[in-house]
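Visitor: Could you guide me through this structure, one question at a time?

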Amino acid sequence: MVEVGAILEGKVTGLTNFGAFVTLPGNVTGMVHISEVSTDYVSDIHEYLQENQVVKVKVLDVTPEGKISLSIKKAQAPSPEQKGGERPRRSGPPRQKSAPNVWQGTERRESPQTFEDMMARFKQVSDEKISDLKRANEGGRRGSYSRRK
């Protein structure tokens, strides 16, 4: 009997548009859904797997009826960015934020903000930005036209 969470080797015995059938030790067959083949988007499973290929799979679920759900991507060792939960840092200077974080507010508050407080602050910052943009655009237009003679 296969246990949920076990990582096993099996042989791909069939490919369909929605996944692959894999025969496991003990001559039991499970299915790898197409979404569990790779961490990348898989549109054509034939680009990733072929019949008779030996693959490592993780047992995700075994139903009372005996259907076995498998994953190839979860059987692989996690990459460094997946282990720590961090994404690779980008090189270059740090990016400037375009706006203050209106959801947390700029001043310290003793009690948490309500949704209405956050929406009011968001609207205030949005209105200020729109008026700044309008002023900047109006100033640019005045100086760009030449006088007619």
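Guide: Patches are made of residues with over 30% relative accessible area and no salt bridge, where like charges are joined within 9 Å and nonpolar side chains (Val, Leu, Ile, Met, Phe, Trp, Tyr) within 5 Å. A salt bridge is a side-chain nitrogen of Lys or Arg within 4 Å of a carboxyl oxygen of Asp or Glu, and accessible areas come from the Shrake-Rupley method with a 1.4 Å probe, with only the protein chains shown counting as cover for residues. This is a predicted model, in which local features need pLDDT of at least 70 and side-chain atom pairs count only at pLDDT 80 or more, while totals for chains, interfaces and linings use all residues. Residues are numbered from 1 along each chain as its sequence is written, and side-chain values use heavy atoms, leaving out hydrogens and water.

Visitor: Which residues make the nonpolar surface patch of about 290 Å²?

Guide: Helices (H or I, at least four residues) and strands (E, at least two) are DSSP runs, numbered from the N terminus. One member of the patch, Phe115, is found in helix 2, residues 115–144. The patch is made by Phe115, Met119 and Phe122.

Visitor: Is phenylalanine 115 buried or exposed?

Guide: Buried means under 20% relative accessible area, exposed over 50%, and partly exposed in between, with a 1.4 Å probe and protein chains only. Because its relative accessibility is 53%, phenylalanine 115 counts as exposed.

Visitor: Which residue in strand 2 is the bridge partner of valine 12?

Guide: Two strands pair if DSSP finds at least two bridges between them. Strand 1 (residues 7–15) and strand 2 (residues 19–24) pair in the antiparallel sense over four bridges. The partner of valine 12 in strand 2 is valine 22.
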